[in-house]
Amino acid sequence: MRKLGIVAALLALLCTVPAPVSAQKLYWTTSGMFGPFDIKALIPTYPDSKQVTIPISMWVLDHPKGLVVIDTGNNVAISDGKCKPYWVAGFCDMLQPSQKRADVIDMQLQKLGYSTDKVKVVITSHAHLDHIGNIKMFPKAIHAIQKKELYQAWWPEKFQRGGAFVMGDFADARDFNYLELDGDYDLFGDGTVVVLSTPGHTLGNQSVKVKLPETGTVIISQDAIWMQANLDGYPAGLNYSILDYTNSVNRLKMMRDLENAKILMPHDQDQFATMGNKWYK
Ligand SMILES: [Zn+2]
């Protein structure tokens, strides 16, 4: 009898289901908006003139293995109409950033119940001013970025200068913990968050694929694809390499089709209007 009891106890132990790990969830927010301006300013081949006001997408991923931020938006210095002189005048005049102080990533995290010092990983898609703007708010985080993009941030090709890389965004952040990537990377080693190398827009642009338990797989394209017009065959007007850009767009499209995924586009006003400012589980 006693033996049976021990066996039963062992069986019970073996059959104990571990407490479920809380699943990841993703929030889509924006660092204010750019615009309005003619879509042709961004996409010169677009057939029609159309005024657009576009989001500056940032993402908060609450994952059981750590809190992740994907892109940190425009620098806090340009909030509340103070764009010049932090950005060059031409960018302020053309982009017309509407960012308020409350739109900046630290305040967005606070609104969601987090703080900047709880962020374990910052994934920066690329080093343009609307994506890397506030990495300095995360001195304790691991910063996942393509190594090539770090080179480009500090010394862009001449044709890619002109204000889109702002030294003030990252010059004091050289000694941060950079996870210097060279290609794709499975962030937590379990396939739930995969950084995808999608060069073209810049030398080391990257996107992020996230598997969500209810929503399914989403691909956060972050400037590999700006908006629907790019998916419709009109390329972005700002590229390091049009060949790499085209390959990256096609790669993400095929990944979308093969994995039944949804592409979430950082500067698409219509998609953000319906899907932004929401949690995805
Ligand atoms: Zn952008």
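## Stop one: around helix 7

Select asparagine 260: just after helix 7, this residue takes a positive phi of about 50 degrees. Numbering starts from 1 along each chain as its sequence is written. You're looking at a predicted model, where local features need pLDDT of at least 70, side-chain atom pairs count only at pLDDT 80 or more, and totals for chains, interfaces and linings use all residues. Helices (H or I, at least four residues) and strands (E, at least two) are DSSP runs, numbered from the N terminus.

Now step back to residues 242–259, helix 7 itself. Color Tyr245, Ser248, Val249 and Leu252, which are buried (20 or more other C-beta atoms within 10 Å of their own; exposed is 12 or fewer, partly exposed in between, with C-beta atoms placed from the backbone). They sit on the same side of helix 7, because they cover an arc of only 100 degrees around the axis, judged by the directions from the helix axis to the C-beta atoms.

## Stop two: a loop

Pick glutamate 214, in the loop between strand 9 and strand 10. Glutamate 214 is exposed, with 8 other C-beta atoms within 10 Å.

Next, show the open, mixed sheet of 7 strands, ordered 6-5-4-3-2-1-12; strands pair if DSSP finds at least two bridges between them. Its edges are strand 6 (177–181) and strand 12 (278–280). Finish at leucine 26, whose bridge partner in strand 12 is tyrosine 280.

Definitions and conventions:
The expected span of a helix is 1.5 Å times one less than its number of residues.
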